[in-house]
Amino acid sequence: MARLKFQTLTEQMFYILLCLRCECYGMDIMDRVAEMTSDRVQVGSGTLYNLLEQFLEADIIRETKAEGRRRCYIITEKGSEMLKKERERLLKQVTDYDNFFMED
């Protein structure tokens with residue numbers, strides 16, 4: 001069965017949206033994700049701008065300003081709710097793991 005678009009988030013999607021809780025430019029997102037994850041997660045420019053475009057079309061983020069080719073974005077209420085639901089989903093997975101492996 002195909003996954004519904006944005007029903008769950010990839011790791012890169014999650015961190016991009018997390019970065020956009022504060023307004024920032026596209027290129028800054030790549031640096032913030034790397035910093036936030038101690039370089040464990042990398043977002044390439046092609047992936048970043050593809051996802052930003054998809055997020056814009058889905059009203060998950062909005063553009064706040066444009067300076068030439070530089071665009072600034074911030075998460076919308078819809079995006080914040082999506083991020084919150086993903087956090088809850090991940091926590092449930094951790095709880096399931098703990099319940100299964102910590103039964104002793």
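**Notebook: a helix pair and the salt bridges**

I began with helix α2 (residues 26-36) and helix α3 (residues 45-57), whose axes come within 10 Å and cross at roughly 120°; axes are lines fitted to C-alpha atoms over the stretch in contact, with angles running from 0 to 180 degrees between N-to-C directions, and helices are DSSP runs (H or I, at least four residues) numbered from the N terminus. The model is predicted, so local features need pLDDT of at least 70 and side-chain atom pairs 80 or more, while totals for chains, interfaces and linings use all residues. Residues are numbered from 1 along each chain as its sequence is written, and side-chain values use heavy atoms, without hydrogens and water.

I then looked up which residues touch (heavy atoms within 4.5 Å): Gly 26, Met 27, Ile 29 and Met 30 of α2 meet Ser 45, Leu 48, Tyr 49 and Leu 52 of α3.

Next I searched the whole structure for salt bridges, meaning a side-chain nitrogen of Lys or Arg within 4 Å of a carboxyl oxygen of Asp or Glu, and found 3.

In one of them the side chains of Arg 40 and Glu 11 meet at 2.4 Å, N to O. This pair links distant parts of the chain, with Arg 40 in the loop between α2 and α3 and Glu 11 in helix α1 (residues 11-19), 29 residues apart.

For Arg 89 and Glu 86 I noted closest N and O atoms 2.6 Å apart, and the two lie about one helical turn from each other because they are 3 residues apart in helix α4 (residues 77-101). Glu 86 is buried at 3% relative accessible area, whereas Arg 89 is partly exposed at 29% (buried is under 20%, exposed over 50%, partly exposed in between, with a 1.4 Å probe and protein chains only).
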